[in-house]
Amino acid sequence: MWERISGSRQRVATIDEARTSPPPSVLAPINLADPAEVAAVMNIAARIGEILIANATTSADAAKQIHTVCSSYGLHYVHVSITVNTITLNTIIGVDQRTPVNVFRVVTMISENYHKLQEVDRLIRSIRSGATPPEMAERILNDIDTSPIPHRNTRNLAGWTVMGFFVAMLLGGDLLMMTVGGLTAFLIMGFNKLLSRGGLPAFFHNVIGGFLATVPAAITYDFSASIGRTIVPSQLIATGIIVLLAGLTLVQSLLDGVTGSPLNASARFFSAMLNTGGIVAGVASGVAVSEMVGMPLPPIELLPGSAAYSNALLTVVGGGMAAAAFAVCCFAERAAIMLSIVTAALGSACYYILLAPFGLGRLSATAACAIVVGLVGGLISRRFLINPVITAVAGVTPFLPGSWIYRGMYALMNEQMLLGMMNLFNAIGTCMALAAGVVFGEWVARRIRRPQLYVPYQAFKRAGRFTFEQLLRVRRRR
């Protein structure tokens, strides 16, 4: 029974092998005394780390996998430092004459291209098994860097539209609200793609996105009143905010903090909060413009609405489909998309069916939901050899705190400072609960599916710690 749960050694994640043991054999296809060849191998590892960091991998996991690549080519003693968007590798080669070798690389942008992430995951496995020499690894990396996106912008925008449709369902909207939520997501991401061609900074993308998230809600609210329908515009605005937050690194920045990289977490969190501030500014502008043109939004409810709990089955389906749509937007492969549906649906079921009806607090319920996403997603992604980052990030996307951010912003605009700050802190607490829950669930999955522990190569570590005293002894022997 335990073998069936834990699986074979071949069915473990790449990061599990990287964290548990060095490669089973030394490939060493290079001259370890030649600085040029050593630097070339370190540059391969740094390029792999760049793709990992750009696609939501935590700094701790990326550093382990970079070290695994170097170790597979015989460089067992390499210092790896990841500071915000820079990767630095250092080693010392030679015995009689010690020569330091350094490689420095900058992560230029967050890509969220899970197709590249999965290709790099396969490359690391191949390098670790000894099947890929350095020259072949360089060619594969060149192909990964220059490969076009797996599908065109039409499919990408369709994915965002579907995500907005099902996020509105998740928040308790009817068919009209779901349709408007999908159109809102289409408008936001369509304008963002047009603006990105001109090199406009991401902050202004979020300002315009926040504005576009508000105007359709005001128009729909005004139109629904004329036909005798009742909608909740705050849920429509929250749908647009969640779509915008999905493209940010708010939860991912907190993942770095939970896993022991506070400096990287602080920088990424500041960047995410700055962009979130752009969303808030855009929503505030939309609210002001809607009042100027005679379509004011109604006062927001002081407490979260109960519509989200009216039909648990629809909310579970909405959570799973929203996660799958986000995975499509990030160019994930078909297997990863299906696994995202399973993990997000199970997390939604845990939240809405098991936890919320029993009166558990929202933050506690969110944390428990994230633990389920991290654990189940970690186990099934290992079974199908999918990078666990994909299922984790996609699985928690439907639970981003869009409604809390809107409520906090609305309260601050109406001079309700205490209520506004409480809602904003609730939003940050929700992101913390999501990050901590995913890390804990993934840690449990890693403990269940980890490979057998190997004894590290102590001789290589001792060679790397070559001291002045050892150098003097070598000279005296001569």
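**Starting point.** I am working with a predicted model.

**Helix H5.** I looked up H5 first and found 16 residues, 114–129. From first C-alpha to last I get 23 Å, close to the 22 Å expected at 1.5 Å a residue. At its start, I noted that a side-chain oxygen of Asn113 comes to within 3.2 Å of the backbone nitrogen of His115. Just past the other end, Gly130 has a positive phi of about 90°. Which residues of H5 are buried? My list reads Tyr114, Lys116, Leu117, Gln118, Val120, Asp121, Leu123, Ile124, Ile127 and Arg128.

**Helix H9.** Next I turned to H9, residues 202–226, with 25 residues. Its ends are 37 Å apart, counted from first C-alpha to last, and that is close to the expected 36 Å. Its buried residues include His205, Asn206, Gly209, Gly210, Pro216 and Ser224. I then asked what covers the buried residues of H9. The cover includes helix H8 (175–196), helix H10 (233–246) and helix H12 (262–292). Just after H9, I found Gly228 with a positive phi of about 80°.

**Ser340.** I placed Ser340 in helix H14, residues 334–355. Is Ser340 buried or exposed? I count Ser340 as buried because its relative accessibility is 0%, and the cut-off for buried is under 20%. Leaving out residues up to four places away in sequence, I see Ser340 touching Ala323, Ala324, Ala327, Ile390, Thr391 and Ala394.

**Nonpolar core.** The largest nonpolar core holds 115 residues, and Ile48, Leu89 and Phe326 have the most contacts inside it. Helix H3 (residues 35–54) gives the most to this core, with 11 residues. As a reminder to myself, nonpolar side chains tend to be buried together in soluble globular proteins.

**Largest pocket.** Last, I checked the largest pocket, with a volume of about 1,300 Å³. I count 36 lining residues, and Met109, Ile110, Ser111, Glu112 and Gly247 lie nearest the centre. The elements giving two or more residues to this lining are helix H7 (153–170), H8, H9, H10 and H12. Which element gives the largest share of the lining? H12 does, with 5 residues.

Note on methods
Residues numbered from 1 in each chain as written. Predicted model: local features only at pLDDT ≥ 70, side-chain atom pairs only at ≥ 80, totals over all residues. Heavy atoms only, no water. Helix = DSSP H or I, 4+ residues; strand = E, 2+ residues; numbered from the N terminus. Expected span 1.5 Å × (residues − 1). Buried < 20%, exposed > 50% of the residue type's maximum accessible area, 1.4 Å probe, protein only. Polar contact = N/O pair within 3.5 Å; in protein donor to acceptor, adjacent residues only side chain to side chain. Contact = heavy atoms within 4.5 Å. Core = buried A, V, L, I, M, F, W, Y, C linked by side-chain atoms within 4.5 Å. 1 Å grid on protein atoms, 1.4 Å probe; cavity = no way out; pocket = protein on both sides within 12 Å on 5 of 7 lines; lining within 4 Å. Points joined across faces, edges and corners; volume = space filled by probe spheres on them.
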